[in-house]
Amino acid sequence: LQRLRQGLARSSAQLGAQIASLFTKRKLDDDTLQELEDLLIQADLGVETAMRISDTLAAERYGKDVSGTDVARIMASEIGKVLQPVARPLELDLNHKPHVILVVGVNGTGKTTTIGKLAAKLSRSGLKVMLAAGDTFRAAAIEQLHIWADRTGSDIVSTKLGADAAGLAYDAFEKARAKGSDVLIIDTAGRLQNKTELMAELEKIVRVLGKLDPDAPHTVLQTLDATTGQNALNQVEIFRNIAGVSGLVMTKLDGTARGGILVSIAARHKLPVYFIGVGEGIDDLEPFDAQDFAEAIAG
Ligand code: GDP
């Protein structure tokens, strides 16, 4: 929580200062409301939420003085309302043995790191975890996943660079069954440069997993990098269509993130946010708390 607050502190302080300066020596009128909405939209909160905040403020204080605290309180409350429904933890159905989690997302958004952190959490809770190095295009991704497997005491299935990812996924599923793993987490390549290939590859992975269990993958988790701003919205659109994303993890909220984009994504896509990433370390994966997050953005 502290990491999240620190991460968002600079941008929320900046936004807070801009809002406060809007209302020095000015009453709340149509002009100041419009300027407020513009600021909120620039902070990636999305038009709908920006309007809801300004409407609520107008209902309370139109024609009167406004303080930064008034706005922060209303922001936290309205943002909290948008985020509450998506703050849903990752639930595993352990009747599936293994429960298969397919991890998708653009390269660099934190797939491999999130898999490592998640494996640590699950192993600690006593589950037997297997990882599959399905990003067969990048040697570094395969190496990193091996390091995480060692660190978390997880089994790992990998193959040589350039091998068929769907074949690896199928193989890993069979091995996980044979070994009695509780959870299988499959990494994938997120090469957005070639959307046709990306689509073909992910579709094939989903198809072959379905041959072993029609419900698999049981979870499709997409990682998003909080520092990419509006781009993240498009990324959800793309991966939702290709891979049927069931929930999100927003990473790098400890950095120079603004966080507002998560509000836009929640309003538009209504997908569960399973966790947030607040650092590169093994423990830096936290459950998503809507109210804490709303307050961190509102400052
Ligand atoms: P992938 O290409 O999607 O597998 O992404 P990686 O897991 O390799 O992550 C890309 C970079 O982001 C690495 O340097 C990670 O250490 C870093 N990273 C991942 N998650 C976080 C996070 O929550 N916070 C910070 N600060 N860095 C992160």
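Colleague: Over the face of which residue does Arg191 lie, and at what distance from the ring centre?
Modeller: This is a predicted model, in which local features need pLDDT of at least 70 and side-chain atom pairs count only at pLDDT 80 or more, while totals for chains, interfaces and linings use all residues. Residues are numbered from 1 along each chain as its sequence is written, and side-chain values use heavy atoms, with hydrogens and water left out. A charge counts as sitting over a ring if NZ of Lys or CZ of Arg is within 6 Å of the ring centre and within 35 degrees of the ring normal. Arg191 lies over the face of Phe137, and its distance from the ring centre is 3.6 Å.

Colleague: Over the ring of which residue does the charged end of Arg177 sit?
Modeller: The charged end of Arg177 is placed 4.8 Å from the centre of a ring. That ring belongs to Phe173.

Colleague: Which side chain has an N or O atom 2.8 Å from a nitrogen atom of the ligand, and what percentage of the ligand's exposed area does the protein bury?
Modeller: Polar contacts here are pairs of N or O atoms within 3.5 Å, and an oxygen atom of the ligand is 3.0 Å from a polar backbone atom of Gly110. The side chain at 2.8 Å from a ligand nitrogen is that of Asp254. Taken alone, the ligand exposes 570 Å² (Shrake-Rupley method, 1.4 Å probe), and the share buried by the protein is 78%.

Colleague: Where is the cis peptide bond from Lys97 to Pro98 found, and what is its omega?
Modeller: Pro98 is in the loop between α4 (68–83) and β1 (99–104). The bond from Lys97 to Pro98 is cis, with omega near 0°.

Colleague: What is the phi of Lys25, which is not a glycine?
Modeller: Most residues other than glycine have a negative phi. Lys25, in the loop between α1 (2–22) and α2 (30–42), has a positive phi of about 65°.

Note on methods: A polar contact is a pair of N or O atoms within 3.5 Å; within protein, one must be able to donate a hydrogen and the other to accept it, and residues adjacent in sequence count only if both atoms are side-chain atoms. Helices (H or I, at least four residues) and strands (E, at least two) are DSSP runs, numbered from the N terminus.
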